[in-house]
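Subject: Structure handover and notes

Hello,

Here is the structure I said I would pass on. My notes follow below it.

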Amino acid sequence: WSGTSVKTRWPNQRLVPIAWDGHDEAHPDERTTDADGNAEFPAPPRGYCIYVPVAPDTNKDELVAGKQ
């Protein structure tokens, strides 16, 4: 996997992967931005990954199931 450091508008924010595809079956990990809103966001080889910000207490399984 390859990642790029990105500055977001969300400081100290939890982000979860909601969609991804590529030449790897692995599941991407959650990310948390630093105090300046920076985090590294990896994606699978020849693929993509979409991360979205969520509330700190959001259960990732409920998010994927559409309950949030």
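Arg 14 lies in strand E2 and counts as buried, because its relative accessibility is 16%. Buried means under 20% relative accessible area, exposed over 50%, and partly exposed in between (1.4 Å probe, protein chains only).

Some conventions before the rest. This is a predicted model, in which local features need pLDDT of at least 70 and side-chain atom pairs count only at pLDDT 80 or more, while totals for chains, interfaces and linings use all residues. Residues are numbered from 1 along each chain as its sequence is written, and side-chain values use heavy atoms, with hydrogens and water left out.

Overall make-up

The protein chain has one helix and five strands, in the sequence pattern β-β-β-β-β-α. Helices (H or I, at least four residues) and strands (E, at least two) are DSSP runs, numbered from the N terminus. Of the 68 residues of the protein chain, 26% count as buried. The accessible surface of the chain comes to about 4,700 Å², and 46% of that belongs to carbon and sulfur atoms; the areas come from the Shrake-Rupley method with a 1.4 Å probe, and for residues only the protein chains shown count as cover. Among contacts in the chain with a separation of 6 or more, 59% are between residues 24 or more positions apart. Contact means heavy atoms within 4.5 Å.

The sheet

Three strands form an open sheet in the order E3-E2-E5, with antiparallel pairing. E3 and E5 are the edge strands, each pairing on one side only. Two strands pair if DSSP finds at least two bridges between them. E2 (residues 14–21) is joined to E3 (residues 31–32) by two bridges, and to E5 (residues 48–54) by seven bridges. Leu 15 has a bridge partner in each of these strands: Arg 31 in E3 and Pro 53 in E5. Val 16 stands opposite Val 52 in E5.

Gln 13 lies in the loop between E1 (2–7) and E2. Gln 13 is buried, because its relative accessible area is 18%. Leaving aside neighbours within four places in sequence, Gln 13 is in contact with Arg 31, Thr 32, Thr 33, Pro 53, Val 54 and Ala 55.

Core and aromatic pair

The largest nonpolar core has six residues: Leu 15, Ala 39, Phe 41, Ala 43, Cys 49 and Tyr 51. E4 and E5 are the elements that give two or more residues to this core, and E4 gives the most, with three. A nonpolar core is a set of buried Ala, Val, Leu, Ile, Met, Phe, Trp, Tyr and Cys residues joined through side-chain atoms within 4.5 Å.

A search of the whole structure finds one aromatic pair. It is edge-to-face, because the rings of Phe 41 and Tyr 51 have their centres 5.1 Å apart and their planes at 65°. The pair links distant parts of the chain, with Phe 41 in E4 (residues 38–43) and Tyr 51 in E5, 10 residues apart. Rings of Phe, Tyr and Trp (its six-membered ring) pair if their centres lie within 6.5 Å; planes under 30 degrees apart count as stacked, over 60 as edge-to-face and the rest as tilted. Phe 41 is buried at 15% relative accessible area, and Tyr 51 is buried at 13%. Beyond neighbours within four places in sequence, Phe 41 is in contact with Ser 2, Gly 3, Thr 4, Val 6, Thr 8, Leu 15, Arg 31 and Tyr 51.

Backbone points to check

Most residues other than glycine have a negative phi. Asn 12 has a positive value, near 50°; Asn 12 is found in the loop between E1 and E2 and is exposed, with a relative accessible area of 56%. For Arg 46, phi is also positive and near 50°. Arg 46 lies in the loop between E4 and E5 and is exposed at 74%.

Regards
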